[in-house]
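Subject: Handover of a structure and its findings

Dear colleague,

Please find below the structure that I am handing over to you. My findings follow it, grouped by topic.

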Amino acid sequence: MASLETSSSAPKAPYSYPDKRGRYGAFGGRYVPETLMYPLEELEQAYVSACADPAFVARMDELRRDYIGRATPLYFARRLTEHLGGAKVYLKREDLCHTGAHKINNALGQVLLAERMNKKRIVAETGAGQHGVATATASALCGLECEVYMGTEDMARQSLNVFRMRLLGAKVTGVESGTKTLKDAINEAMRDWVTNVGDTHYVLGTVEGPHPYPVICRDFQSVIGKEMRAQLLEKENRSPDLLIACVGGGSNSAGLFFEFIEDDVRMIGVEAGGLGPETGKHAARFAGGVEGMLHGAMSYVLQDENGQIMGTHSVSAGLDYPSIGPEHAFWKQSGRVEYSYANDDEALDAFQLLSHLEGIIPALESAHAIAHACKVVPEMDKDQIVVVNLSGRGDKDVDQAARFILGDKGAGA
Amino acid sequence: MNRITARMQELAARDETAFIPYITAGDPTLALSGEILLELERAGADVIEYGIPFSDPVADGIVIQEASQRALKHNVSLHDVVGQIRELRTKTKIPILLFSYFNPVLAYGIETFAQDCADVGADGVLCVDLPPEEAEDYKRIMVDAGIATVFLASPTTRTERMGLIARFSEGFLYYVSRAGVTGVRDQVETSVKGMVEEVKRHSDIPVAVGFGIAKPEQAEEVARYADGVVVGSAIVDCVGTNGESPELIERVGAFVRPLVEATKRAKAEVAS
Ligand SMILES: Cc1ncc(COP(=O)(O)O)c(C=O)c1O
């Protein structure tokens, strides 16, 4: 499938996933109720035609630059590097995107697609609220009506983002069913979409869901890795040795990794270990999940022996999801990408460490990637280079983190 | 011949519309949903859609979501339901169509599931989130085991795909009468008749219509042109509100009888 690429360097061995049916090896596909089959085909066609339309590509480039604020910096974290005493650590600063996370790269692209398909209304799900804020923002920019579904448990832990979405003109609808988190918000957004398919586009916030969502989201996010390659060449005149990113559904990681998928670069995706996979309270799909199907794609799923989806736990709402993007399942199975996890307390430590050492408060999601960097970087040589994706900023998490760090006294103490 | 296919053919020969009620297995308990199934047969149902509870029922509205939740509170699984059908088969021959999301079937193992269905006497399977494009292996396995597969068409289905859906369907094809999730609606959309005729241009498979049908008038209207009428949420709602009542079974029967009568009356009236 065509992708929204601006330039490509040396000729590469072809990595040709997904195939025509949206498959990444055994994973992916389009497992949806019949009513959604046509809207998905329509979306696929709109996407292919948009990619081939210079006007669309130019508009996207312009808004990336002038609205999102791209290219985001590639920042050499000198004090973190000294502290860890191993490889040089660079941070790709997606936290500096407009709205504070990488989510806007995909949300803006998809809202422009919706506009192109003459859809009048946008629905989205959100976990941490970052994708909801990004979609509300892009909808405001294009003058489209926007409704965001959010689990009531997430609304409580990300209340600042709930207010931001409302300020941006979106309707935020609390979801009380199931675990009241991201998976239930996706259920509800899909129910809305299936009911209002005629005039509504569903902006899915990660590389999950039925084809073509995973590939659309990956392509819109792959600007991260492309910029980073050029930036590192300029600064160090070389490629990185290791890439690290946190993995919720898997969009910021796919955005960083995809550019290097055929290169000799090591990659690690970091899942949410919660209280530790052995406790059952976690969201590490590769440390406890099995092959299964949730929300339209074959992938790895945390489920019981009867195929019922299990509740998950993570201190970070954005990683608290029982499945993972199908392309990650493929990368895991083929061994191309390594996956690990960081527990809640390790992420909270990394959250504070980066704040102290670099003056950068990371999102709790991104703190999982930092936490893993703290484990592997000290083992590496000083002339090696690690790039960590700082997928978002932590302002949204300050209240939540304070509760954990200071105990129940919270931020006011 | 598969019991669902046989029943649909018998009815067609008599120019009679099938009445196909849906209930959720395990709601309010597995034993009681089994009793309800038998009562539905006594009330005149032709095929029973027996729903497998799932934690994330994206195609269902609130009524069936809540029924699923009630069933999952006591951990009713696909294995339990298959086991129950073995027992029910000592009491009834009514065609049973298991209505499930795909993941519980995957977790069971498609081949084992198909074989177990054949062993216990479950006649057909419908997976709501499995379109024919993803169902090649599944279809082959089900055919080999003699299990009928029902697939869905809906108002957004393009003509190009009708043939495929009809080809993959056995027993009947389920036409979803409106875009959306399951749930009771006041009216049946007027376009449904034309859509059913459209399906019939592609295949002679019987077409059952469902989603939103709740009242005898609606059932009768649809039954004039469809080969089957499916009523789900309205019955599940009746089960939900009477779940604690000692008269649950009788009340469900009393609720369903007028729907059956209306369905059966439709073609007789047209003919006379
Ligand atoms: C800042 C941030 N990073 C990461 C994620 C996880 O999503 P993904 O794995 O799709 O990047 C989220 C999701 O909400 C997020 O807000």
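A polar contact is here a pair of N or O atoms within 3.5 Å. Please bear in mind throughout that this is a predicted model.

**Ligand site**

**Salt bridges**

Over all chains, the structure holds 53 salt bridges.

A:Asp320 and A:Arg157 form a salt bridge in which the closest N and O atoms are 2.7 Å apart. This pair links distant parts of the chain, 163 residues apart: A:Asp320 sits in the loop between β12 (297-301) and α12 (326-334) of chain A, and A:Arg157 in helix α6 (residues 152-157) of chain A. A:Asp320 counts as buried because its relative accessible area is 2%. A:Arg157 is likewise buried, with a relative accessible area of 10%.

A:Glu338 and A:Arg266 meet through their side chains in a salt bridge of 2.8 Å, N to O. Here the distant parts are two strands of chain A, with A:Glu338 in β13 (residues 338-343) and A:Arg266 in β10 (residues 266-274), 72 residues apart. A:Glu338 has 34% relative accessibility and therefore counts as partly exposed. A:Arg266, at 37% relative accessibility, is also partly exposed.

In chain B, the side chains of B:Arg265 and B:Glu220 meet in a salt bridge at 3.0 Å, N to O. B:Arg265 belongs to helix α12 (residues 248-271) and B:Glu220 to helix α10 (residues 216-223) of chain B, so the pair ties together parts that are 45 residues apart in sequence. B:Arg265 is partly exposed, with a relative accessible area of 34%, whereas B:Glu220 is buried, with a relative accessible area of 10%. Salt bridges that share partners also join B:Arg7, B:Glu10, B:Arg14, B:Glu16, B:Asp46 and B:Lys264 into one network.

**A buried polar side chain**

A:Gln158 lies in the loop between α6 and α7 (159-167) of chain A. It counts as buried because its relative accessibility is 1%. The side chain of A:Gln158 makes a polar contact of 3.2 Å with the side chain of A:Asp397.

**Cysteines**

The count of disulfides over all chains comes to zero. A:Cys146 is in no disulfide, and the nearest cysteine sulfur, that of A:Cys142, is 11 Å away. A:Cys146 counts as buried, at 6% relative accessibility. For B:Cys127, which is also in no disulfide, the nearest cysteine sulfur is that of B:Cys117, 9.8 Å away. B:Cys127 is buried, with a relative accessible area of 4%.

**Backbone geometry**

Most residues other than glycine have a negative phi, and most peptide bonds are trans.

- The peptide bond from A:Arg70 to A:Ala71 is cis, with omega near 0 degrees. A:Ala71 is in the loop between α2 (54-68) and β3 (74-76) of chain A.
- B:Asp27 and B:Pro28 are joined by a cis peptide bond, with omega about 0 degrees. B:Pro28 is in the loop between β1 (18-24) and α2 (30-42) of chain B.
- A:Lys180 is not a glycine, yet has a positive phi of about 60 degrees. This residue is in the loop between β7 (171-175) and α8 (182-195) of chain A, and is partly exposed, with a relative accessible area of 29%.
- A:His295 also has a positive phi, near 55 degrees. A:His295 is in the loop between β11 (290-294) and β12 of chain A, and is buried, with a relative accessible area of 7%.

**Surface**

A:Phe404, A:Ile405 and A:Leu406 form a nonpolar patch on the surface, and together have about 250 Å² of accessible area. Of these, A:Leu406 lies in helix α15 (residues 398-406) of chain A and counts as partly exposed, at 38% relative accessibility.

Yours sincerely

Terms used: Residues are numbered from 1 along each chain as its sequence is written. Chains are lettered from A and ligands numbered from 1 in the order in which they are written. This is a predicted model: local features need pLDDT of at least 70, side-chain atom pairs count only at pLDDT 80 or more; totals for chains, interfaces and linings use all residues. Side-chain values use heavy atoms; hydrogens and water are left out. Patches are made of residues with over 30% relative accessible area and no salt bridge: like charges are joined within 9 Å, nonpolar side chains (Val, Leu, Ile, Met, Phe, Trp, Tyr) within 5 Å. Accessible areas come from the Shrake-Rupley method with a 1.4 Å probe; for residues, only the protein chains shown count as cover. A salt bridge is a side-chain nitrogen of Lys or Arg within 4 Å of a carboxyl oxygen of Asp or Glu. Helices (H or I, at least four residues) and strands (E, at least two) are DSSP runs, numbered from the N terminus. Buried means under 20% relative accessible area, exposed over 50%, partly exposed in between (1.4 Å probe, protein chains only). A disulfide is a pair of cysteine sulfur atoms within 2.5 Å. A polar contact is a pair of N or O atoms within 3.5 Å; within protein, one must be able to donate a hydrogen and the other to accept it, and residues adjacent in sequence count only if both atoms are side-chain atoms.
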